[in-house]
Amino acid sequence: MKLTIDEKAASWYIDELHLKQGDYLRFYVRYGGHGTVLAGFSLGVSKDAPEEIGNSVTIKGIHFFIEERDLWYFDGHNLHIQFNENYLEPEFMYKKP
């Protein structure tokens, strides 16, 4: 499982959540919502310090990550977060390698 995030999406999170260099932003599995990988589950976002990072990427000094315990959700998919120009917000794209 690989996590990527484009620069526009990273900038959106930084601006909207008032993130500062060295902060962590966690993508986590939650029950409910509209997910495309596994019915009944979706991804949430929180400004949490990591416990056991399963995958991460650092952009503009911000550490975007997924905990090891949440990797099951991706079922072999990579997660690419890109900025959607139509909705002016990030969107999650799940792709098999």
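What follows is a working chat about the predicted model shown above.

Q: How much of the protein is buried?
A: Buried residues make up 39% of the 97 residues. The protein exposes about 5,800 Å², and carbon and sulfur atoms supply 49% of that area.

Q: Ok, sheets. What is the strand order in the open sheet of three strands?
A: The order is β1-β6-β7, and the pairing is mixed. The edge strands are β1 and β7 (89-95), each of which pairs on one side only.

Q: By how many degrees are neighbouring strands of this sheet turned against each other?
A: The average is 20 degrees, with direction ignored.

Q: And β1 with β6, parallel or antiparallel?
A: β1 and β6 pair in the parallel sense, over three bridges. In this region, Thr 4 stands opposite His 80 in β6.

Q: Where does α1 pack?
A: On that sheet, where α1 touches β1, β6 and β7. The direction of α1 makes about 75 degrees with that of β6.

Q: Switching to the core. Which residues in the largest nonpolar core touch the most other members?
A: Ile 5, Tyr 13, Phe 64, Leu 79 and Ile 81, out of 21 residues in that core. The elements giving two or more residues to this core are β1 (3-5), α1 (7-16), β2 (24-31), β5 (62-67) and β6 (78-84).

Q: Which of them gives the most?
A: α1, with four residues.

Q: What does Phe 64 touch, leaving out residues up to four places away in sequence?
A: Phe 64 touches Leu 3, Ile 5, Ala 10, Tyr 13, Leu 25, Phe 27, Asn 55, Ser 56, Val 57 and Ile 59. Two of these, Ile 5 and Tyr 13, are also on the list of core residues that touch the most other members.

Q: Buried or exposed?
A: His 77 counts as buried because its relative accessible area is 16%, and the cut-off for buried is under 20%.

Q: Last one. Among contacts between residues at least 6 apart in sequence, how many join residues at least 24 apart?
A: 53% of those contacts do.

Definitions and conventions
Residues numbered from 1 in each chain as written. Predicted model: local features only at pLDDT ≥ 70, side-chain atom pairs only at ≥ 80, totals over all residues. Heavy atoms only, no water. Core = buried A, V, L, I, M, F, W, Y, C linked by side-chain atoms within 4.5 Å. Buried < 20%, exposed > 50% of the residue type's maximum accessible area, 1.4 Å probe, protein only. Contact = heavy atoms within 4.5 Å. Areas by Shrake-Rupley, 256 points an atom, 1.4 Å probe, with all protein chains shown as cover. Pairing = 2+ DSSP bridges. Axes fitted to C-alpha atoms, helices over the stretch in contact; angles between N-to-C directions.
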